[in-house]
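Please keep the coordinates in view while reading.

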Amino acid sequence: MNFVVLASGRGGNLKAIIDAVKKGDIQADLKLVISNKEDAYALEHARQAGIPAVFINPKDFSDRESFDRAVIERLQEFKIDFVILAGYMRLLSSYFIQQYRDKILNIHPSLLPAFKGGHAIKEAFDHAVKVTGVTVHFVIDEMDAGAIILQEIVRLDHSDTLESLEEKIHQVEHCIYPKAIELFTRGCLKIEGRKVTITKQ
Ligand code: GRF
């Protein structure tokens with residue numbers, strides 16, 4: 001199976017995925033990395049690993065769907081079977097989601113449905129929660145709302161700062177995202193409505 005990673009930022013999750021592919025922990029081919037940000041360090045991670053790294057400039061398109069059509073053209077060119085969002089800071093259009101229904105995964109730094117949106121770690125920290133965590137889920141039209149594949153808890157203690165919490169969350173992300181991708185590629189995820197069952201682990 002061929003896959004793409006879409007990323008807008010540092011690319012910590014992308015790096016973990018690249019390493020998992022190299023080690024054979026993910027048995028699929030990472031063919032392409034696309035970013036909507038020219039200076040995303042994720043693109044650099046891809047180049048260092050010899051993976052085609054493509055910047056597509058949103059300013060060249062009049063709306064979300066025409067941008068997504070350009071992305072989809074690239075995905076077809078590379079015969080991409082499924083899509084991994086890793087810190088991709090753009091909502092996908094319905095058009096995109098229809099093209100890859102039940103084949104788009106995202107990672108979110110909270111225990112969904114708590115703390116949806118772009119500031120999940122800070123909001124959980126400011127709320128002084130005792131536990132938060134990480135969620136890997138399928139992507140649907142509604143933001144951070146698709147069926148949940150895996151979740152992992154992260155506990156806070158009194159000495160945690162926002163920075164130490166971010167660090168803990170990212171460490172967990174880098175373990176569970178490759179694991180979820182591998183389950184997906186092995187056909188171990190059965191989706192029924194909101195419920196994802198993990199079969200034949
Ligand atoms: C991660 O915390 C991920 O959960 C969220 O965006 C962040 C991306 O970090 N969606 P990175 O670019 O993978 O380092």
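A crossover is right-handed if, with the strands pointing away from the viewer, the path from the first strand over the helix to the second runs clockwise. Helices (H or I, at least four residues) and strands (E, at least two) are DSSP runs, numbered from the N terminus. This is a predicted model, in which local features need pLDDT of at least 70 and side-chain atom pairs count only at pLDDT 80 or more, whereas totals for chains, interfaces and linings use all residues. Residues are numbered from 1 along each chain as its sequence is written, and side-chain values use heavy atoms, with hydrogens and water left out.

Strand β1 (residues 2-6), helix α1 (residues 12-23) and β2 make a right-handed β-α-β unit. β1 and β2 pair (DSSP finds at least two bridges between paired strands) in the parallel sense over 5 bridges, and Leu30 in β2 is the bridge partner of Phe3. A right-handed β-α-β unit is also made by β2, helix α2 (residues 41-48) and β3. Here β2 pairs with strand β3 (residues 53-55) in the parallel sense over 3 bridges, and Phe55 in β3 is the bridge partner of Ser35.

Why is strand β2 (residues 29-35) largely enclosed by the rest of the structure? The reason is that 5 of its 7 residues are buried, that is, under 20% relative accessible area with a 1.4 Å probe and protein chains only.

Phe3 is in contact (heavy atoms within 4.5 Å) with residues including Ile17, Leu30 and Ile84, leaving aside its neighbours within four places in sequence.

Methods. Buried < 20%, exposed > 50% of the residue type's maximum accessible area, 1.4 Å probe, protein only.
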